[in-house]
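Dear colleague,

Please find below the structure that I am handing over to you.

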Amino acid sequence: MNSCLPVWPHDLLWGLSVADLPADAPAWVTGVVGAGLPVAVRRAQVAEGAVAVGVRGHSRDQRYATALKLSDITRRVRPEALIDAVDSHAADWPALRALRQIRPVMDALGLPWGVAGSVGFELACGAAVLHQNSDLDLILRTTAFFSREQAGALVDALEGAVCRIDLQLQTPAGAVALREWAGPARQVLLRANDAARLVVNPWLTEDCAA
């Protein structure tokens, strides 16, 4: 794979090997990586030529942060590429039904969007990680300003889904939770690569750098 291609948070990557892990990595991490499962790009600063990634285990508390050399990436799947994968997936968990249910709402926005979290992971690699109470994690790429009114309307439109939906707005400066941006608080938490900070407008460079 061309290591010059950009990788973004929530992309799923293949190429991490057991030999790349620290000697003190938990046994479950070694098992996951040894099985050839993908890792997810996370927001953090790492050495040049590498990308911050997270290894996910079988339970919610099994999350392991590490880094992957860009030159070692053998495959990448973006959240947007997983939307159609639900059509051929045999399982019928509530989170998958919710994805099918809200597709018209998301498509009507006219913005790139995709599937992240456990749903995206299972759709991408087939690992059975979903269960009855799994949430549906989505991302919406908002390179231009997305108003609080638009956010509120989207929250309302997603409210009737058959499971809880957590959607992150991906701004040029980082990510902000849709529900938080739609809420009444003057400042919202922006998750950037260097740190998380409270901002008034996640699309204003000056605000996000403060």
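A salt bridge is taken here as a side-chain nitrogen of Lys or Arg within 4 Å of a carboxyl oxygen of Asp or Glu. Please note that the model is predicted.

By that definition, the structure holds nine salt bridges. One of them joins the side chains of Arg100 and Asp92, at 3.6 Å from N to O. Arg100 counts as partly exposed, with 31% relative accessibility, and Asp92 is likewise partly exposed, at 49%. Another salt bridge pairs Asp11 with Arg78 at 3.1 Å, N to O. This pair links distant parts of the chain: Asp11 lies in the segment before S1 and Arg78 in the loop between S5 and H2, 67 residues apart. Asp11 has 0% relative accessibility and therefore counts as buried.

Helix H3, residues 117-125, is mostly covered, as seven of its nine residues are buried. Its buried residues, among them Val119, Phe121 and Leu123, pack against several elements, including strand S3 (50-56), H2 and S7. Just after H3, Gly126 takes a positive phi of about 85 degrees.

In helix H4, residues 148-158, the buried residues are Ala151, Leu154, Val155 and Leu158. They cover an arc of only 105 degrees around the axis, and therefore lie on the same side of H4. That buried set packs against helix H2 (94-107), strand S7 (136-141), strand S8 (165-171) and helix H5 (178-181). The exposed residues Glu149 and Asp156 are carried on the face of H4 turned away from its buried side.

With kind regards

Note on methods: Residues are numbered from 1 along each chain as its sequence is written. This is a predicted model: local features need pLDDT of at least 70, side-chain atom pairs count only at pLDDT 80 or more; totals for chains, interfaces and linings use all residues. Side-chain values use heavy atoms; hydrogens and water are left out. Buried means under 20% relative accessible area, exposed over 50%, partly exposed in between (1.4 Å probe, protein chains only). Helices (H or I, at least four residues) and strands (E, at least two) are DSSP runs, numbered from the N terminus. The arc is that of the directions from the helix axis to the C-beta atoms. Contact means heavy atoms within 4.5 Å.
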